[in-house]
Amino acid sequence: MTAEEEFSAVFERHYRDVERYLHRRAADVSVHDLAAEVFLVAWRRWERMPPDKTLPWLYAVAGNVLANEIRGRQRQRRLTDRVAALSPPPVETDHAEEISERAAVAAAFDRLGEPDREVLRLVVWERLKTADAARVLGCSIPAFAMRLARARRRLRAALEPSPSPPTATRIRAVPSTTGEAS
């Protein structure tokens with residue numbers, strides 16, 4: 001059997017065990033992500049895995065991965081607390097305008113076609129550079145840059161207030177002063 005086949009067999013046999021191990025120790029973590037990381041470590045260190053003690057070795061790796069995750073969360077919490085302590089207290093403001101603007105942008109975004117939305121998502125949400133986003137869409141960099149420019153233009157147009165429809169004007173009949181019947 002090749003290393004890939006052996007690894008696949010170990011993965012199939014022990015993935016659920018590793019997930020349960022992680023879940024029992026910390027139910028509030030993303031068990032799927034951590035289990036994936038455990039098997040990534042297993043693949044990278046495949047030659048070090050003892051063949052007769054595979055599951056205990058995976059559990060040891062899972063324990064280390066989980067400990068790293070918990071330490072990372074603690075560092076994040078401490079950093080957040082320090083930043084919050086340095087920040088001035090928030091000023092109570094009326095968020096109605098901000099919410100209204102967000103709703104308008106979301107509605108304008110929804111009115112765009114899916115190709116325009118995907119181009120904007122790659123650049124704004126995923127924060128990809130033009131070259132990387134072009135690679136994701138399988139097009140050249142200039143083609144992506146053109147798609148992005150067009151998508152931005154269409155989004156700006158969708159954000160423009162629509163012109164109000166012309167109001168109908170009434171024409172009143174003016175009575176004739178000549179005495180003729182109309």
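How many nonpolar, polar and charged residues does the lining of the largest pocket have? In this predicted model, the lining has seven nonpolar residues, no polar residues and one charged residue.

**The largest pocket**

The volume of the largest pocket is about 170 Å³. Two elements, α4 (96-111) and α5 (114-125), each give two or more residues to its lining. The largest share, four residues, comes from α5. The residues that line this pocket are V105, A106, F109, L120, R121, V124, W125 and L155.

**The nonpolar cores**

The largest nonpolar core holds 23 residues, of which V18, L22, V38, F39 and L58 touch the most other members. At least two residues of this core come from each of α1, α2 (31-44) and α3 (54-86). Helix α2 gives the most, with seven residues. Apart from this core lies another, of 15 residues, including A108, L112, A134 and A158.

H14 is part of helix α1, which covers residues 3-25. H14 counts as buried because its relative accessibility is 9%, below the 20% limit for that class. The table gives the contacts of H14 and L58, leaving aside neighbours within four places in sequence.

| Residue | In contact with |
|---|---|
| H14 | F39, T54, L55 and L58 |
| L58 | V10, H14, V18, V38, F39, A42 and M49 |

Notes
Residues are numbered from 1 along each chain as its sequence is written. This is a predicted model: local features need pLDDT of at least 70, side-chain atom pairs count only at pLDDT 80 or more; totals for chains, interfaces and linings use all residues. Side-chain values use heavy atoms; hydrogens and water are left out. Buried means under 20% relative accessible area, exposed over 50%, partly exposed in between (1.4 Å probe, protein chains only). Contact means heavy atoms within 4.5 Å. A nonpolar core is a set of buried Ala, Val, Leu, Ile, Met, Phe, Trp, Tyr and Cys residues joined through side-chain atoms within 4.5 Å. On a 1 Å grid over the protein atoms alone, a cavity is a set of points where a 1.4 Å probe fits but cannot get out, and a pocket is an open set with protein on both sides within 12 Å along at least five of seven lines; lining residues have an atom within 4 Å of a point. Grid points are joined across faces, edges and corners, and a volume is the space filled by probe spheres set on the points. Ala, Val, Leu, Ile, Met, Phe, Trp, Tyr, Cys and Pro count as nonpolar, Asp, Glu, Lys and Arg as charged, and the others, Gly among them, as polar.
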